[in-house]
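Dear colleague,

Please find below the structure that I am handing over to you.

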Amino acid sequence: MKNKNKNKEKVKPLYSLPSNIIFLLQKSWQMDKTLFFATLIRIPIVVLLPLLATYLSKYVVELVSNGSSAGTLITYVLCISAAILSLHLLNNFVSTKIEWRAYGNRFLYLNLSNHKIMDTDYDNIESPDGQTKMQKAINTLTNNGGGTQQIFSQFVNICSNSIGLVTYSALIFTLSPWIVLLLCGMTIANYYVNKANNYWVHKNKDHWVPIDRKLGYISNKAGDFEVAKDMRLYGMSGWFKNVFAGLLADRMVWSKKTEKRGFAIDFFSAVMTFIRDGAAYGFLIYQTTQNGITAAEFVLYFALISQYSNWLLGLIESYNELQATSLGFCDLREFLDLPDHFNRGKGAELPLNSPEIVFDHVSFSYPNSENTTLKHLNFTVKQGEKIALVGINGAGKTTLVKLLCGLYRPTDGEIRVGNVTIAEYNRDEYYKLLSVVFQDISLMPISIAKNIALCEEKHIDRERLKQVLKLSGLYEKVQMLPEKENTLLLKSIHEHATDLSGGEKQKLALARALYKGGNIIILDEPTAALDPIAENEMYLKYNELTSGATSVFISHRLSSTRFCDKILFLEHGEIIEEGCHDELMKLGGKYADMFNLQSHYYKEVVEV
Ligand SMILES: Nc1ncnc2c1ncn2[C@@H]1O[C@H](COP(=O)(O)OP(=O)(O)OP(=O)(O)O)[C@@H](O)[C@H]1O
């Protein structure tokens, strides 16, 4: 019983229709004043146009019935026709302006949302929930008929229909208040049916948006050049096809449900219109025969009643459309308003030199996860110290680094860098402290130099670039390219570009981190794709690479940990061993076991 009630519970939108309209008007006032004024100007034009035409017919009949001269008739018709024509031209001009400006307006919102996607706290968009919110916001923006574009004409429609309805109600009221009541009563029934459907769509959107997201993922991956090799060699295409077909079938179930509801509602609306118009016209005919209203009045009321239906239906339709758009807008605003927790305002002073890092009873669980990934971590990395993080897959090494980078906040405890909790730094300033190489490297379709310096061509420090290319071991390769460091990357985008191998990409990522010159260097398996010679060179140069910075080095190759001052051995999110290589070997614990296991094969080769 309880569950039944729960299912019936309406998912109330976070923002009301008036709040969304105010938001829209404020934004369009800030972003495009022409669009704002054009929208307002069009409202009276849309009301005046049919009203003028109605009165033109009425007066023509009246003048003819009164036996007015042809001259008077022609002058009268010409004047009103000229006014109608001018209004038509103005209406076309303004509506075209609104159409194009609203199209541009959509891109302004797209820009806002892209900015949010790129800037918001990492944990806001990494979780499936965050991804769904982001997808819903993007849906509102990418659909041509979608909210940010259509809402201007819908706003004109709802205002003009409301004004038209009030004006026409007042005019018809003079004939009979009952007709007005009848027309209104039928309309209210129609309105509630449509409203229920809009809410049904909003409430159930969460069923199909994740399916759409997965369909999008499968389509993107199917055409992704990076997946093309595995796709062929491991026969993954069958799996892709099956998953796609399954998802599509699930999606079609919801599409069919939506379509059926739409059809039922259209049918109901048509029946209502038929009954309402029939009754109204019957009444008008009765008035003509029994109460003797004049021909001019008949023409006037006939036109008013037939247009009254348009205003009324227009009002319902524009209200429902506006409400549906407003619900889409809720998705966009919900995403834009996602709270960011990292400090964006004035932050603590950044340390000038390599800082000390303290993890003080830090625990962490990923959002919506029941597992504690990091448990009560307590350690200090002194100024300029080099530590290595070691442990089996899934021990929590990358998660620890993500916390240090401020991509996630600890669930418990605090992380201090240079004696200040990292949350107290301004986020963007804090990022300046960090030079990080993650396992997944993102290259852009720009030159190698720009990929490393990540700034405008003219601001690149060429000497520094050369230095980091040499340190990262990429210099010789770059020298062999036709345009050296100015060679473009990504063949899939530029015809004359070059592609780098896995190891070369890793070197480029290292060069990027070194060029940035942060006082904290974090390298997450930076040698995983390097050949033994390149790896050895990197170990030899490690001191030079980190040049006094406090550094964190993650690697599964335990030989690399020898040149670190301290090793933290993680297991299931806990530090179970801590010390330098010799100390841990002497301890004879898990680190020593793992080291001996790895060196076993090398020893065997030497012994043979
Ligand atoms: N976004 C996430 N949401 C939920 N759990 C996650 C997420 N990312 C990682 N995990 C889980 O956290 C645990 C630690 O992952 P982490 O990537 O930190 O391990 P790791 O020690 O770096 O592993 P590896 O050596 O394989 O790189 C794993 O069990 C993983 O499944």
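For the angles given below, under 35 degrees counts as roughly parallel, over 145 as roughly antiparallel, 65 to 115 as roughly perpendicular, and the rest as oblique. Axes are lines fitted to C-alpha atoms, for helices over the stretch in contact, and angles run from 0 to 180 degrees between N-to-C directions.

This is a predicted model, in which local features need pLDDT of at least 70 and side-chain atom pairs count only at pLDDT 80 or more, while totals for chains, interfaces and linings use all residues. Residues are numbered from 1 along each chain as its sequence is written.

Helix packing. Helix 2 (residues 17-31) packs against helix 3 (residues 33-65) at an angle of about 130°, and their axes are 6 Å apart. The two helices, helix 2 and helix 3, are therefore oblique to each other. In this packing, L25, S28 and W29 of helix 2 meet K33, L35 and F36 of helix 3 (contact: C-beta atoms, placed from the backbone, within 7 Å). By class, 4 nonpolar, 1 polar and 1 charged residues form the contact of helix 2 with helix 3. Here Ala, Val, Leu, Ile, Met, Phe, Trp, Tyr, Cys and Pro count as nonpolar, Asp, Glu, Lys and Arg as charged, and the others, Gly among them, as polar.

The chain as a whole. The chain has 21 helices and 10 strands, which are DSSP runs numbered from the N terminus (helices H or I, at least four residues; strands E, at least two). Of its 608 residues, 28% are buried, meaning that 20 or more other C-beta atoms, placed from the backbone, lie within 10 Å of the residue's own.

Six strands form an open sheet of mixed pairing in the order 6-7-8-3-9-10, where two strands pair if DSSP finds at least two bridges between them. Strand 6 (434-437) and strand 10 (574-579) are the edge strands, each pairing on one side only. From one strand to the next, the twist averages 15°. Strand 6 pairs with strand 7 (residues 520-524) in the parallel sense over 4 bridges, and I522 in strand 7 is the bridge partner of V436. Helix 17 (residues 502-516) lies across strand 6 and strand 7 and runs at about 175° to strand 6.

The ligand. Among the residues surrounding the ligand are E126, Y366, N393, K397 and T398. Helix 12 (residues 397-404) contributes the largest share of this shell, 3 residues.

With kind regards

Terms used
A residue is near a molecule or strand if its C-beta atom, placed from the backbone, lies within 6 Å of it. Two residues are in contact if their C-beta atoms, placed from the backbone, lie within 7 Å. A residue is buried if 20 or more other C-beta atoms lie within 10 Å of its own, exposed if 12 or fewer, and partly exposed in between; C-beta atoms are placed from the backbone.
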